[in-house]
Amino acid sequence: MRIVKDADDRKNEILDIAQRLFHEKGYMQTTVEDIMKECRIAKGTLYYHFKSKEDILSAMIDRQIDRQEETLKCIAQDTSITAVEKLIRVIRLLSHKARVTNGLCEQENPQLHQKSFTRTLFRFTPAMTAIVEEGIKSGEFSTPYPRESVELLFCASQLHDPSVFQWMDEEYHRRKKAFFWMLELTLGISPDAKKQLYQLAGLPTEPEADRQ
């Protein structure tokens, strides 16, 4: 007996299976036929939902951004934690996004990688700006440019994207410390908030002291 699934359920099933195959085999090595075989669907069913393999990947990234945007909004609206802690959680969220995207937006897909970055920037900026503005009101931050600071820091965070840069451990560690040092200066973080920032990040409070 043929099982008829709701259109959204079928679409998400295709995305789930495609994502697994992309991670296991690589995006370029996975074919549309591989996806159809794993999903046990006909070509017409797949093309009813998606125009191409790139369309599947694009929809997969959009779905990921949708889910992470909801998580980001929950972080921004959490009244039980400080703006600094919210910022750290957002940084971890962005780091997780980079790890998930790694291997999907490969060098063969630079345009798609750029689209993913642009979509994420515009979707995440409002909630991240709200966190910074909250920190300004609480005295944790003092930047006169909350939105612009968020945009600049978001762009700088791309240095930690493993799908773009493959740093050695020491190189990565130094760039992490430099990022938080820049974060401190850009947002005008207060001394007390600075201590919490570096403690939550697992870094010494004076990262500039060990620069070569």
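## A guided tour by selection

Begin by selecting Arg40, which is exposed, because its relative accessible area is 77%. This model is predicted. Arg40 belongs to the loop that joins α2 and α3. Its backbone deserves a check as well: the phi of Arg40 is positive, at about 60°, although the residue is not a glycine.

**The whole chain**

Nine helices and zero strands make up its secondary structure, and the order along the sequence reads α-α-α-α-α-α-α-α-α. The chain has 212 residues, of which 42% count as buried. Switch to a surface view: the accessible surface comes to about 12100 Å², and carbon and sulfur atoms hold 52% of that area. Among contacts with a separation of 6 or more, residues 24 or more positions apart account for 67%.

Is His49 buried or exposed? Its relative accessible area is 17%, so His49 counts as buried. Show the surrounding residues next. Apart from neighbours within four places in sequence, His49 is in contact with Ala7, Arg10, Lys11, Ile14 and Asp55.

**The aromatic pairs**

Select the aromatic side chains; the structure holds three aromatic pairs. One of them joins Phe22 and Tyr27: the ring centres are 5.1 Å apart and the planes meet at 75°, so this pair is edge-to-face. Phe22 has a relative accessibility of 1% and therefore counts as buried. Tyr27, at 4%, counts as buried too.

Another pair is formed by Phe117 and Phe154, with 5.4 Å from centre to centre and 40° between the planes, a tilted arrangement. Colour the helices to see what this pair links. Phe117 lies in helix α6 (residues 110-138) and Phe154 in helix α7 (residues 146-156), so the pair ties together parts that are 37 residues apart in sequence. Both Phe117 and Phe154 are buried.

The charged end of Lys53 sits over the ring of Tyr27, at 4.4 Å from the ring centre.

**The largest nonpolar core**

In soluble globular proteins, nonpolar side chains tend to be buried together. To look at this in the model, select Ile35, Ile56 and Phe180: in the largest nonpolar core, which has 52 residues, these three touch the most other members. Helices α1 (7-25), α2 (32-39), α4 (53-77), α5 (83-101), α6, α7, α8 (169-187) and α9 (191-201) each supply at least two residues of this core. Which helix gives the largest share of this core? That helix is α4, with nine residues.

Keep Phe180 selected and show its surroundings. With residues up to four places away in sequence left out, Phe180 touches Ile88, Ile91, Leu197, Tyr198, Ala201 and Leu203.

**Arg119 on helix α6**

Go to helix α6 and select Arg119. At 24% relative accessibility, Arg119 counts as partly exposed, because this category lies between the limits of 20% and 50%. Arg119 touches Ser58, Ile61, Asp62 and Ile65, not counting residues up to four places away in sequence. Draw a distance from Arg119 to Ile61: these residues are 58 residues apart in sequence, and their C-alpha atoms are 9.4 Å apart in space.

**Trp167 between α7 and α8**

Next, select Trp167 in the loop between α7 and α8. Its relative accessibility is 26%, so Trp167 counts as partly exposed. Beyond its neighbours within four places in sequence, Trp167 is in contact with Leu159, Tyr172 and Arg175.

**The cysteines**

For the last stop, consider the sulfur atoms. A disulfide is a covalent bond between the sulfur atoms of two cysteines. How many disulfides does a search of the whole structure find? The search finds zero. Select Cys74, which counts as exposed because its relative accessibility is 54%. Then select Cys155, which at 38% relative accessibility counts as partly exposed.

Conventions:
Residues are numbered from 1 along each chain as its sequence is written. This is a predicted model: local features need pLDDT of at least 70, side-chain atom pairs count only at pLDDT 80 or more; totals for chains, interfaces and linings use all residues. Side-chain values use heavy atoms; hydrogens and water are left out. A disulfide is a pair of cysteine sulfur atoms within 2.5 Å. Buried means under 20% relative accessible area, exposed over 50%, partly exposed in between (1.4 Å probe, protein chains only). Helices (H or I, at least four residues) and strands (E, at least two) are DSSP runs, numbered from the N terminus. Contact means heavy atoms within 4.5 Å. Accessible areas come from the Shrake-Rupley method with a 1.4 Å probe; for residues, only the protein chains shown count as cover. Rings of Phe, Tyr and Trp (its six-membered ring) pair if their centres lie within 6.5 Å; planes under 30 degrees apart count as stacked, over 60 as edge-to-face and the rest as tilted. A charge sits over a ring if NZ of Lys or CZ of Arg is within 6 Å of the ring centre and within 35 degrees of the ring normal. A nonpolar core is a set of buried Ala, Val, Leu, Ile, Met, Phe, Trp, Tyr and Cys residues joined through side-chain atoms within 4.5 Å.
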